[in-house]
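Hi,

Here is the structure I said I would pass on.

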Amino acid sequence: MKKSNKEALIIVDVQYDFLPGGSLAVSEGDQIIPIINQIQDHFDLIVATQDWHPAEHLSFAANHSEKNPGEVIDLDGVPQVLWPVHCVQGSDGADFHHQLDQSNWEAIFQKGTNPRVDSYSGFFDNARRGDTGLGDFLREKGVDRIFVCGLALDYCVKFTALDGHSLGFETFFIQDATRAVNLDPKDGEKALQEISSQGIQLIDSSYFLS
Ligand code: VGL
Ligand code: ZN
């Protein structure tokens with residue numbers, strides 16, 4: 001019998017392009033790094049996701065004529081927010097921040113590699129066709145509780161938490177270990193409401209440190 005009841009930390013997209021100075025910078029994004037480092041040794045297992053786009057990715061405004069970041073288009077039937085070019089495979093902006101402790105990471109799940117569909121969640125693409133394998137990996141390891149943190153609260157962290165919850169993992173959202181893009185200033189707040197209304201538990205890092 002497989003040992004179960006394990007707790008996993010999922011660190012979402014803590015990459016230079018989402019940090020201050022990056023092409024899709026999340027304000028105060030760097031402030032979560034020491035918090036994430038502090039809590040890592042609480043977990044049985046740690047995984048990270050990495051936004052990992054080909055240069056021709058259709059979520060980039062630059063790959064459409066006369067479109068600007070922030071505009072929304074229809075991409076094969078899925079609404080798509082257009083973004084500045086970010087996290088291009090192999091670029092410096094796609095790297096994890098050097099201060100982020102990676103020494104105990106079990107695996108890295110890359111997403112957003114199909115140029116025709118974006119992938120906010122670490123589990124599935126936005127059309128829910130492609131699967132990164134993260135769900136099966138966690139189950140295989142006997143994980144039943146997941147704790148989600150990283151960037152950005154209102155996109156990739158939110159959808160990772162919602163998908164993890166929908167797959168049956170007991171899901172916790174570490175509020176002080178995430179920050180929002182806030183294209184609209186209320187987006188972060190709205191995301192937290194949506195997350196908690198689904199039954200995901202909102203916690204702070206003090207949950208582990210007390
Ligand atoms: C993300 C927008 C585009 C994120 C990724 O990591 O939240 N946001 N690609
Ligand atoms: Zn992206």
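This is a predicted model: local features need pLDDT of at least 70, side-chain atom pairs count only at pLDDT 80 or more; totals for chains, interfaces and linings use all residues.

A polar side-chain atom of D51 sits 3.1 Å from a nitrogen atom of ligand 1, which I call a polar contact (a pair of N or O atoms within 3.5 Å; within protein, one must be able to donate a hydrogen and the other to accept it, and residues adjacent in sequence count only if both atoms are side-chain atoms). H86 also places a polar side-chain atom 3.1 Å from a nitrogen atom of ligand 1. With A152 it is the backbone that takes part: one of its polar backbone atoms is 3.0 Å from an oxygen atom of ligand 1. Taken alone, ligand 1 exposes 260 Å², and the protein buries 100% of that (accessible areas come from the Shrake-Rupley method with a 1.4 Å probe; for residues, only the protein chains shown count as cover).

Residues are numbered from 1 along each chain as its sequence is written, chains are lettered from A and ligands numbered from 1 in the order in which they are written, and side-chain values use heavy atoms, with hydrogens and water left out.

Back to the ligand. The residues around ligand 1 are D13, F18, D51, W83, H86, Y120, L151, A152, Y155 and C156; a residue is listed if one of its heavy atoms lies within 4 Å.

Now the metal. Which residues coordinate the zinc ion (ligand 2)? They are D51 (OD), H53 (NE2) and H86 (NE2), at 2.0 to 2.2 Å. Donors here are N, O and S atoms within 2.8 Å of the metal (3.2 Å for Na, K and Ca), and water is not among the atoms, so sites may look incomplete. Along the chain, the donors follow the spacing D-x1-H-x32-H. Helices (H or I, at least four residues) and strands (E, at least two) are DSSP runs, numbered from the N terminus.

Why is the arrangement around the zinc ion (ligand 2) irregular? The 4 donor atoms subtend angles of 87 to 169°, which makes it so. (Four donors count as tetrahedral if all angles lie between 85 and 135 degrees; four count as square planar and six as octahedral if opposite donors are over 155 degrees apart and all others between 65 and 115; anything else is irregular.) Both H53 and H86 are buried, where buried means under 20% relative accessible area, exposed over 50%, and partly exposed in between (1.4 Å probe, protein chains only).

Helix 3 (residues 153-166) is worth a look too. It is mostly covered, with 11 of its 14 residues buried, among them Y155 and C156. The buried residues of helix 3 pack against strand 1 (6-12), strand 4, strand 5, strand 6 (143-151), strand 7 (170-179) and helix 4 (187-197); contact means heavy atoms within 4.5 Å. H165 lies in helix 3 and counts as partly exposed, at 28% relative accessibility. Leaving out residues up to four places away in sequence, H165 touches T171, Q198, G199 and I200. Just after helix 3, G168 takes a positive phi of about 100°.

There are a few backbone details as well. A cis peptide bond joins L151 and A152, with omega at about -10°, and A152 lies in the loop between strand 6 and helix 3. E66 has a positive phi near 60° and is not a glycine; you will find E66 in the loop between strand 2 and strand 3, where it counts as exposed at 78% relative accessibility. R128 is not a glycine either, yet has a positive phi of about 60°. R128 belongs to the loop between strand 5 and helix 2 (134-140) and is partly exposed, with a relative accessible area of 45%.

Cheers
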